[in-house]
Amino acid sequence: MKWSDLPGRHSLFWKLACLLVAFCLLMIWLSWSWGRYMEERNQFLSDDARGTLTRYAAEAEQAWRQGQRTGVDAWLQGMRQREKGWVGVIGGDLQSLSTQPLTDKDIERLTFLRGLDWPIHKKNLPWLRVPFPGDPHAGNLVIELPQRFMPGRYRVFWRVITNGVIPGLFTLLLCVGLYRLLVVPLNSLREQANAWRADQLNVRLSRHTTNRSDELGELGRAFDHMAERLQSTVALQQQLLRDLSHELRTPLSRLRVASESEQGVAQLRERISREVDGMQRLVEDTLQLAWLDTERSRLPDEAIQIQALWDMLTENACYETAWPARQLHCAVDSTCWVRGHLNTLAQALENILRNAIRHSPSDGVITLGAQRDGDFWLVWLEDQGGGVAEVDLERIFSPFIRLDGSRPGDGGFGLGLSIARNAVQRQGGSLWAENAGAGLRLNMRLVADIGAAAGDAFASKLAPTLDLRRPHIV
């Protein structure tokens, strides 16, 4: 496995790994520290028990020093009233320091004496040897451990706490961490998906989810982007449907009037044919705009020479509009090659050209220019139609928007520039408008081609490839 195959440093993998490693280390520390503490509590004498037994040994030593055997007898007499178990005082040779001699059973028990620091494992009460604090070699206190000092009285209880309750609590904390790390953002995604199912496309995820730097944050941002795309697409489709129904009312009304009139058959047929053609172009352009906005995949591209494309488009435009070719000026040389989809780019440029012709005076000049901009070509088309208001420079790209009151000429359906912008954007470019000189300039930023083929080969390919048989509505 290579280092490049590992997830990024902001990956959810590292968060989960850190959480699990921290949990394992915490459980190891708990097992060691708490286990050691519980071992001392359950197997060793408490500090109070050690202090009491050491004090007994000091009292026995003092009785021995003051009264020898009679003193020890008197002290043992008092100890029998305080402690119920066996108590004795012996010397270093395991001989009794009192007047009462040791029995054989006592001597046998003296061979299994325990110290104060030894673990206590036996269920029966053990016998402990406590040296005199002042002079350990002088003698020892031997005492049967009082029941109240026996450790491990709550051993089962503490085992349940140690082996069950505490690990369960830490596991619960781990589950809470995993819940906050995984389940909370997944719940947000589920709620957003349920909102989409209920047609609430305006619902967005919280910043806490989208600001995450891991895979779930990326998924949340993708969900929000998808929601925005769905909302904009549905809104556009609804708006297109409303606008289309509105635009169809006029030709349908004219058809109704024509059908009820007393015109001749030839005139009526010509009127019906013209209105049907207009409605057909309107429906086709509306469907094309809806398809361009919905279809987001990148179109296959090829090398396109702008000069050759312009020559083909102007030839068709001059034939259909009766504009002289000298009024369609091209200031782009043969070095301007771009990458794009031929038919789509040709349609976009054709719509822009027809829009310029439609809104320019009959003696106006339309100019095509281009300038290299790094890895792009900036191509612009400038007319002499008087321009538009600054506040409308962006509105002219909306569907069914016509500003015929501010620019001379008869308007189309207001779809041409919308189709052109969508077509250019699908090829990795951009399209915008600005007022320049005596008219409007439409700018296209297109991806430049490196190592393009010869212009003649492209021009020979252009004519049979382009589908320019019908005029486009702008």
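The second largest cavity has a volume of about 30 Å³, in a structure that holds 2 cavities of 30 Å³ or more. A cavity here is a set of points on a 1 Å grid over the protein atoms alone where a 1.4 Å probe fits but cannot get out, and lining residues have an atom within 4 Å of a point. The volume is the space filled by probe spheres set on the points, which are joined across faces, edges and corners. This is a predicted model, in which local features need pLDDT of at least 70, side-chain atom pairs count only at pLDDT 80 or more, and totals for chains, interfaces and linings use all residues. Residues are numbered from 1 along each chain as its sequence is written, and side-chain values use heavy atoms, without hydrogens and water.

The lining of this second largest cavity consists of Ile352, Asn355, Ala356, Leu381, Asp383, Leu440 and Leu442. Helix H9 (342–359) gives the most, with 3 residues, and S10 supplies at least two. Helices (H or I, at least four residues) and strands (E, at least two) are DSSP runs, numbered from the N terminus.

S10 also belongs to an open sheet of 5 strands with mixed pairing, in the order S5-S7-S8-S10-S9. The edge strands, S5 (328–330) and S9 (430–436), each pair on one side only; pairing requires at least two DSSP bridges between two strands. S5 and S7 (residues 366–373) run parallel over 3 bridges, and leucine 328 has isoleucine 366 of S7 as its bridge partner. Helix H8 (residues 306–321) packs on the sheet, touching S5, S7, S8 (376–382) and S10 (439–447), where contact means heavy atoms within 4.5 Å.

Technical notes. Axes fitted to C-alpha atoms, helices over the stretch in contact; angles between N-to-C directions. 1 Å grid on protein atoms, 1.4 Å probe; cavity = no way out; pocket = protein on both sides within 12 Å on 5 of 7 lines; lining within 4 Å.
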